[in-house]
Amino acid sequence: MPTTISGSTGVTFPAGGVGNTAGAAVGTTDTQTLTNKTIQGGAITSGTAVASTSGTSIDFTGIPSYVKRITVMFNGVSTNGTSNFLVRLGTSSGVATTGYLGAGSFNGATNGGTNSTSGFIFNVAGAAQIMHGSMIISLQNLATNTWVQQAALGDSSQAFIFFSGGSAALAGTLDRVRITTVNGTDTFDAGSINILYE
């Protein structure tokens, strides 16, 4: 979350500190004046956990424009069907449903995988999955609004683990994340989901 310093405040950085102005000798202190400046990043902000016990999708909106990394966390999440899970990114214009590159796979008693262009995918192994884990989504290219992700989830109902990786370029600045399924009709029926952003 950004911190705003109002007025004229002198800040003294320690010897050799990263804040020293260009040309300042290493080992010296250096005082800089910050006037009405906003210092962004540095803190990890938690969203509000949402119960994934109803509905066909769960949205987290209002993500600040300075954010460079988002972690989506799944705690005992399941649906009433067998459709693969999708995580989608969006802007103020809405959630992007195309343009994703990547794949998801599962390992356990059986193995499999699938590609998706409609979202970051978790290839579920069958019915009654109860998912735990996280997906980390990072800004790879600010100029093109390109995001990459890596994820691992474990199933507490069966001996399966799920992996996912991919990328997507958005038409604008990311401000939302949606968790849903490929068919868009399976309903969430257990667990909770939250995000961290920084």
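**Core, ring pairs and salt bridges in a predicted model**

Colleague: Which residues have the most contacts inside the largest nonpolar core?

Modeller: In this predicted model, the largest nonpolar core has 35 residues. One of its members, when residues up to four places away in sequence are not counted, touches Ile63, Met135, Ile136, Ile137, Trp147, Leu174, Val177, Ile195, Leu196 and Tyr197, and that residue is Ile70. The residues with the most contacts inside the core are Ile70 and Val72.

Colleague: How many helices and how many strands does the chain have?

Modeller: Buried residues make up 36% of the 198 residues in the chain, and among contacts between residues at least 6 apart in sequence, 70% join residues at least 24 apart. As for the elements themselves, the chain has 0 helices and 16 strands.

Colleague: Where in the chain do Phe85 and Phe188 lie, and how many residues apart are they?

Modeller: A search of the whole structure finds 5 aromatic pairs. In one of them the rings of Phe85 and Phe188 have their centres 6.2 Å apart and their planes at 70 degrees, and because planes over 60 degrees apart count as edge-to-face, the pair is edge-to-face. The pair links distant parts of the chain, with Phe85 in strand β7 (residues 85-91) and Phe188 in strand β16 (residues 188-197), and the separation is 103 residues.

Colleague: Is Phe85 buried or exposed, and is Phe188 buried or exposed?

Modeller: The cut-off for buried is under 20% relative accessible area. Phe85 has a relative accessible area of 2% and Phe188 stands at 1%, so Phe85 is buried and Phe188 also counts as buried.

Colleague: What is the geometry of the pair formed by the rings of Tyr100 and Phe120?

Modeller: Tyr100 lies in strand β9 (residues 100-107) and Phe120 in strand β11 (residues 120-122), 20 residues apart; Tyr100 is buried at a relative accessible area of 1%, and Phe120 counts as buried at 2%. The ring centres of Tyr100 and Phe120 are 5.2 Å apart and their planes stand at 80 degrees, so the pair is edge-to-face.

Colleague: How many residues apart in sequence are the parts tied together by Asp59 and Arg178?

Modeller: A search of the whole structure finds 3 salt bridges, and in one of them the side chains of Asp59 and Arg178 meet at 2.7 Å, N to O. Asp59 lies in strand β5 (residues 58-61) and Arg178 in strand β15 (residues 176-181), so the pair ties together parts whose separation in sequence is 119 residues.

Colleague: Which residue forms a salt bridge with Glu198?

Modeller: Glu198 lies in the segment after β16, and its partner lies in strand β6 (residues 69-79), so the pair ties together parts that are 129 residues apart in sequence. The closest N and O atoms are 3.2 Å apart, and the partner of Glu198 is Arg69.

Colleague: Where does Asn145 lie, and what is its phi?

Modeller: At 15% relative accessibility, Asn145 counts as buried. Asn145 lies in the loop between β12 (131-141) and β13 (146-155). Its phi is a positive value in a residue other than glycine, near 50 degrees.

Colleague: Which side chain does a polar contact of 2.7 Å join to that of Thr146?

Modeller: Thr146 is found in strand β13 and is buried, with a relative accessible area of 13%. Leaving aside neighbours within four places in sequence, Thr146 is in contact with residues including Ser138, Leu139 and Ala168. The polar contact of 2.7 Å joins the side chain of Thr146 to that of Thr144.

Technical notes: Residues numbered from 1 in each chain as written. Heavy atoms only, no water. Helix = DSSP H or I, 4+ residues; strand = E, 2+ residues; numbered from the N terminus. Buried < 20%, exposed > 50% of the residue type's maximum accessible area, 1.4 Å probe, protein only. Contact = heavy atoms within 4.5 Å. Polar contact = N/O pair within 3.5 Å; in protein donor to acceptor, adjacent residues only side chain to side chain. Core = buried A, V, L, I, M, F, W, Y, C linked by side-chain atoms within 4.5 Å. Phe/Tyr/Trp six-rings, centres within 6.5 Å; stacked < 30°, edge-to-face > 60°. Salt bridge = Lys/Arg side-chain N within 4 Å of Asp/Glu carboxyl O.
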